[in-house]
Structure formats: structure tokens, C-alpha cells
Amino acid sequence: IERMKAVFISYSQAHHTDIIAVMERLNIKGYSAWEVTTGRGTNGGDPHLGDHAWPTLNSSMLTIVKDEQVADFLQALKKIDDESPKMGLRAFTWKIEETI
């Protein structure tokens, strides 16, 4: 049985092409993305609400990744976030129990 994890990423829309480039480099193919999501992070930075006061927006993505790819993927995502921490990028994982 292949062990996998779900990786949910919430990020400033400006990070999208960088995240896709990382996924291509790591041969992570499948994902579902929500082009527009709103929110406010817990580590500072500005809210991304798409309104007149806070006009920026987030996107979100869910991908299922082999266990052995997760550490490299998260490290690459952290590097993107570290390069512009005020823009916002968070990633969360959980185990995949079953799939069809």
C-alpha cells in the first residue's frame, strides 16, 4: 500500500506560478485549486479579503502527495514563504486513509 498525505495550501495569488513550478520540479501532478479564497493569517500580514480596504486575495490548493515527497515539498513551499513572508503562504498535511 502506497502511503500518501493530503497537502492543503492557502497562499497569496501571486505565489501560484511558483507553487506550480515546485510541483513540476518534484513531479507532483494532480491537484484541485480554488482560484479565489479569502482569509486572514495568524502570523501577521494583511488580510486578503478582496474588498476596498483589503483588496488582495488568496488561492487554495489540495494535492495528494507520496509520503516520501512531503518533506521536500513543504521545504520548497517554506522557501517561497520565507522570500516574501507578508504575502502569506501556509500548508497543512494529513494522512490519506483510503482512495479509489
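**Note on the pocket, sheet and packing**

1. The lining of the largest pocket is made up of five nonpolar, twelve polar and five charged residues, where Asp, Glu, Lys and Arg count as charged, Ala, Val, Leu, Ile, Met, Phe, Trp, Tyr, Cys and Pro as nonpolar, and the others, Gly among them, as polar. The model is predicted, so to speak of local features requires pLDDT of at least 70 and side-chain atom pairs count only at pLDDT 80 or more, whereas totals for chains, interfaces and linings use all residues. Residues are numbered from 1 along each chain as its sequence is written, and side-chain values use heavy atoms, with hydrogens and water left out.

2. The volume of this largest pocket is about 350 Å³, and of the 22 residues lining it, R40, G41, G88, L89 and R90 are the closest to its centre. A pocket here is an open set of points on a 1 Å grid where a 1.4 Å probe fits, with protein on both sides within 12 Å along at least five of seven lines, and lining residues have an atom within 4 Å of a point. Strands β1, β3 and β4 each contribute at least two residues to the lining, and the largest share, three residues, belongs to β4.

3. The sheet is open and has four strands, in the order β2-β3-β1-β4 with antiparallel pairing (DSSP runs: strands E, at least two residues; helices H or I, at least four; paired strands share at least two bridges). At its edges lie β2 (32-37) and β4 (89-95), each pairing on one side only, and from one strand to the next the twist averages 15° (angles run from 0 to 180 degrees between N-to-C directions).

4. Strand β1 (residues 4-12) runs antiparallel to strand β3 (residues 58-66) and is joined to it by nine bridges; among the partners found in β3, L62 is that of F8 and S60 that of S10. On the other pairing of β3, four bridges connect it with β2 in the antiparallel sense, and here S60 is the bridge partner of W34.

5. Two helices deserve a look against this sheet. Helix α1 (residues 16-25) packs on the sheet and touches β1, β3 and β4, its direction making about 10° with that of β3 (contact means heavy atoms within 4.5 Å). Helix α2 (residues 67-83) also lies across β1, β3 and β4, but runs at about 155° to β3.

6. One aromatic pair is found in a search of the whole structure. The ring centres of F8 and W34 lie 6.4 Å apart and their planes stand at 55°, so the pair is tilted (centres within 6.5 Å; under 30 degrees is stacked, over 60 edge-to-face, the rest tilted). Distant parts of the chain are linked in this way, with F8 in strand β1 and W34 in strand β2, 26 residues apart.

7. Finally, a backbone detail: N27, in the loop between α1 and β2, has a positive phi of about 60° although it is not a glycine.

Terms used. Grid points are joined across faces, edges and corners, and a volume is the space filled by probe spheres set on the points. Rings of Phe, Tyr and Trp (its six-membered ring) pair if their centres lie within 6.5 Å; planes under 30 degrees apart count as stacked, over 60 as edge-to-face and the rest as tilted.
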